[in-house]
Amino acid sequence: MHIDGWTILLQAVNFLILVWLLRRFLYRPVLAVIAERQAATERVRSEAEAARQAAEAASRSLEDQRAALPAERDRLIAAARAEAEAERAALLDRARIEADHALEEARNRLADERAQALGALQRHAADLGTQLATRLVRDAPCGTLTRPLLEEACAAVEALPADRRHALGDGTEPVPVRLAAAGPLPDEDVAHARDRLAAALDRPVALELTEDPSLIAGVELHFAHSVVRRSWKQTLAEAKEEMTRHDSARTDAGALA
């Protein structure tokens, strides 16, 4: 077998050219495709790993939330119970306050109605007592009751201080005095009264006699600017007023108690 050197050389050159061509047009693109696929594979793997880690984190979060659900449930139930209890207590307090207020109003209303009823009853009793006393006094002899009251009226004038007795005369002489009586007076009683008044006023008295049955019994001495009253009309009016005032005060004290 004859081996030509040029042939070997040409074969070697052909081989080198083939290698260069393969490397140039086949090997490098294949390497680039392989590298690109490896990068894509790596990227997909990284994304898968990230997704896996996210899934695990989500799973742990869900697990934590699931584990916390009973405690949250208990907390919500306890809060709801506390709120309901507070609301119930508030409702009870409000109902108690309203009931106390209504009870107090009812008590006050009953006390007012009782006071009004008692007042009306007391006034009616006072009226009845006054009417009964008036009837009894009217049936009595007029002179028997009027004469002592005329004496009291004269004594009241005599008991006044000197300046007030002088003021009764009003600087006139004789002093005009109107003597109002419940009924006719005996002449001696009139004369006696005139003498006492003249002595008390230290000047003559012009006594004018009038009858006033509304006095029931007794007299009134009318001077220029004042009146001396001694009659059962006045006495009964004062007694009625005193009884009504006393009963009203007692009623008010009872209502306050």
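## A walk through a predicted model

In strand E4, Arg-229 is the bridge partner of Glu-220. That is our starting point; helices (H or I, at least four residues) and strands (E, at least two) are DSSP runs, numbered from the N terminus. This is a predicted model, in which local features need pLDDT of at least 70 and side-chain atom pairs count only at pLDDT 80 or more, while totals for chains, interfaces and linings use all residues. Residues are numbered from 1 along each chain as its sequence is written, and side-chain values use heavy atoms, with hydrogens and water left out.

**The strands around Glu-220**

Glu-220 also has a partner in another strand: Glu-220 of E3 is the bridge partner of Ala-180. E1 and E3 pair in the antiparallel sense over 4 bridges, where two strands count as paired if DSSP finds at least two bridges between them. E3 also pairs with strand E4 (residues 227-231), again in the antiparallel sense, over 5 bridges. In that pairing, Gly-218 stands opposite Ser-231 in E4, and a hairpin of 4 residues joins E3 to E4.

Is E3 buried or exposed? Because 5 of the 5 residues of E3 are buried, this strand is largely enclosed by the rest of the structure. Here, buried means under 20% relative accessible area, exposed means over 50%, and partly exposed lies in between (1.4 Å probe, protein chains only). In a regular strand, the side chains alternate between the two faces of the sheet. You can follow this in E3, where Gly-218, Glu-220 and His-222 point one way and Val-219 and Leu-221 the other way.

**The nonpolar core**

One of these residues, Leu-221, leads us to the largest nonpolar core, which has 23 residues; Val-157, Val-177, Leu-197, Leu-221 and Phe-223 touch the most other members. Helix H2 (142-159), strand E1 (175-181), helix H4 (187-201), strand E2 (205-211) and strand E3 (218-222) each supply at least two residues of this core. A nonpolar core is a set of buried Ala, Val, Leu, Ile, Met, Phe, Trp, Tyr and Cys residues joined through side-chain atoms within 4.5 Å.

What does Val-177 touch, leaving aside residues up to four places away in sequence? The answer is Leu-197, Val-205, Ala-206, Leu-207, Glu-208, Leu-221, His-222 and Phe-223, with contact meaning heavy atoms within 4.5 Å.

Gly-171 lies in the loop between helix H3 (162-169) and E1. This glycine is exposed, with a relative accessible area of 63%. Gly-171 and Arg-203 are 32 residues apart in sequence, and their C-alpha atoms are 9.9 Å apart in space.

**Charged pairs**

Side chains of opposite charge can pair when their charged atoms come close. A search of the whole structure finds 13 salt bridges, each defined as a side-chain nitrogen of Lys or Arg within 4 Å of a carboxyl oxygen of Asp or Glu.

| Salt bridge | Closest N to O distance |
|---|---|
| Glu-63 and Arg-66 | 2.4 Å |
| Arg-73 and Asp-74 | 3.4 Å |

Arg-45 and Glu-42 both lie in helix H1 (residues 5-139), 3 residues apart, about one turn of the helix. Arg-45 is partly exposed at 48% relative accessible area, and Glu-42 is partly exposed at 38%. Glu-63 and Arg-66 also both lie in helix H1, 3 residues apart, about one turn of the helix. Here Glu-63 is partly exposed at 39%, whereas Arg-66 counts as exposed at 52%. Asp-74 is partly exposed, with a relative accessible area of 42%. Elsewhere, Glu-49, Arg-52 and Glu-56 are linked in a network of salt bridges.

**An aromatic pair and an annotated stretch**

How many aromatic pairs are there? The count comes to 1, using rings of Phe, Tyr and Trp (its six-membered ring) whose centres lie within 6.5 Å; planes under 30 degrees apart count as stacked, over 60 as edge-to-face and the rest as tilted. The rings of Trp-20 and Phe-25 have centres 6.4 Å apart and planes at 90°, so this pair is edge-to-face. Phe-25 counts as exposed, at 57% relative accessibility.

Finally, an unreviewed UniProt entry carries the annotation "coiled-coil region" for residues 96-123. UniProt positions are given in the numbering used here, feature names are shortened, and annotations may be inferred rather than shown by experiment. In the model, the span of residues 96-123 is 100% helix and 0% strand, and its end C-alpha atoms lie 40 Å apart.
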